[in-house]
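This report goes through a single protein chain, from its overall build down to individual loop residues. The sequence and the structure are shown first.

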Amino acid sequence: MHPPPENPSIHSSLHLPSGQTLLIDADDTLWENNLYFEKAIAGFIQHLNHKHYSHDEVRAFLNRVEKESVQERGYGLHSFRHSLLRCFESLSVEPLTPEREQEIIHFTHVVEDHAIEFLPGVVETLPALAAHHQLLLVTKGNFEEQTAKVERSGLSTHFAAVEVPAEKTPESYRNIVEKYRLNPAATWMIGNSPKSDINPALEAGLHAIFLAHPNTWVLEHEDVRTAPPGQHCLWLEGFADLAKVFS
Ligand SMILES: [Mg+2]
C-alpha cells in the first residue's frame with residue numbers, strides 16, 4: 001500500500017470547478033479511529049501474556065478472528081469485543097470467567113471514551129469545501145455508533161446527508177449515486193481505505209482521492225487500483241490539500 005514513485009494518477013495541479021459532490025469517509029479520514037483499537041489490542045495482548053505465541057502470532061490470530069466476526073456480525077464495538085473474547089477463549093489456558101470477561105471488555109473502553117481527535121486540516125478545510133460543493137459523509141459500520149460519532153463531532157452541519165452502509169462495495173456507491181441523483185463524472189470519494197473507499201468507488205464509476213493514514217486498519221489494506229479511462233484517482237498528503245483541488 002505504498003504510493004508508487006511515478007504514479008501517473010497523481011494530479012496535484014488539478015483544479016475542479018464548484019458544484020462537485022464529495023463523498024467523504026469519517027474514520028481515519030476526518031478523525032483518528034483505528035489508533036484506539038490498536039491501543040485496546042496492545043492492552044489485550046499484554047494481558048493475555050501468552051507463553052508460547054509471540055505478540056505477532058497472537059495479533060495474526062486476532063486478525064483472522066476479527067475478519068470472521070465482521071462477516072458474521074458487521075463492524076462496530078460489539079463485534080470487536082466478541083473478537084477479543086473469542087481470541088482469549090481460543091488461546092488462553094485459563095477459562096473465560098465473568099471476571100476475566102470484564103477485564104477484557106475494559107480494554108475496549110478506550111475506543112468509546114476518548115474525545116474526538118480531528119486529523120490535521122479537517123476543521124479548517126471542511127467549511128471551505130462545503131461553501132462550493134455538496135458534501136455527503138459516507139462511513140461504514142454500525143449505524144448507531146457512527147451517527148452518534150458524527151453528532152458528537154459537531155461537523156454534521158457541513159454535510160447534506162450521512163450515509164452508513166454496512167459495507168462499502170461498488171453496489172453501495174451505485175446506490176448512493178442513484179439515491180441522490182449524482183453525476184458520477186462530478187462525484188469524488190475521499191478516504192483512507194483502498195479497500196473500502198478507493199477501489200469500490202472507482203469500480204462504481206466515481207473519481208477517488210486517497211488520503212493515506214499510517215494507522216489504517218490491517219483489514220482495510222489493499223493496493224490502490226489505477227483509475228479507469230476518464231476517471232481520476234488522486235493521492236493527496238493530507239486533508240488540507242483538498243482545498244487546493246476543490247476551490
Ligand atoms: Mg476510514
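## Overall build

The secondary structure of this protein amounts to ten helices and six strands, and the model from which these elements are taken is a predicted one. Along the principal axes, the C-alpha trace extends over about 60 × 35 × 30 Å. The radius of gyration is 19 Å, which agrees with the value near 18 Å that a compact globule of 247 residues would have.

Of the 247 residues, 31% are buried.

## Two domains

The chain is divided into domain 1, which is made up of 21-31 + 117-245, and domain 2, which covers 34-113. Between the C-alpha centres of domain 1 and domain 2 there is a distance of 28 Å. Eleven residues from domain 1 and ten residues from domain 2 take part in the contact, and on the side of domain 1 that touches domain 2 the residues divide into four nonpolar, four polar and three charged.

## The six-stranded sheet

Six strands form an open sheet in the order β3-β2-β1-β4-β5-β6, and their pairing is parallel. The edges are taken by β3 (161-163) and β6 (233-236), each of which has a single partner strand, so one side of each is left without a neighbour in the sheet. With direction ignored, neighbouring strands of this sheet are turned against each other by 25 degrees on average.

Within the sheet, β4 pairs with β5 (residues 207-211) in the parallel sense, and this pairing runs over four bridges.

## Packing of α1 against α4

Helix α1 and helix α4 (residues 98-107) pack with their axes 8 Å apart, at an angle of about 145 degrees. On the α1 side the residues are A40, G43, F44 and H47, and these meet E103, I104 and F107 in α4. Taken by class, the residues of this contact divide into four nonpolar, two polar and one charged.

## Loop residues with positive phi

Most residues other than glycine have a negative phi. Which value does phi take at N49? Phi of N49 is near 45 degrees, which is positive although the residue is not glycine. N49 is found in the loop between α1 (34-48) and α2 (55-73), and N49 counts as exposed because 8 other C-beta atoms lie within 10 Å, where the limit for an exposed residue is 12 or fewer.

R181 also has a positive phi, near 50 degrees, in a residue other than glycine. The loop that holds R181 runs between α8 (170-179) and β4 (187-191). With 6 other C-beta atoms within 10 Å, R181 is exposed.

D223 and E124 are 99 residues apart along the chain, and their C-alpha atoms are separated by 30 Å.

Terms used: Residues numbered from 1 in each chain as written. Predicted model: local features only at pLDDT ≥ 70, side-chain atom pairs only at ≥ 80, totals over all residues. Helix = DSSP H or I, 4+ residues; strand = E, 2+ residues; numbered from the N terminus. Buried ≥ 20, exposed ≤ 12 C-beta atoms within 10 Å, placed from the backbone. Domains from an automatic or database assignment. Contact = placed C-beta atoms within 7 Å. Nonpolar A, V, L, I, M, F, W, Y, C, P; charged D, E, K, R; others polar. Pairing = 2+ DSSP bridges. Axes fitted to C-alpha atoms, helices over the stretch in contact; angles between N-to-C directions. Rg over C-alpha atoms; globule rule 2.2 N^0.38 Å.
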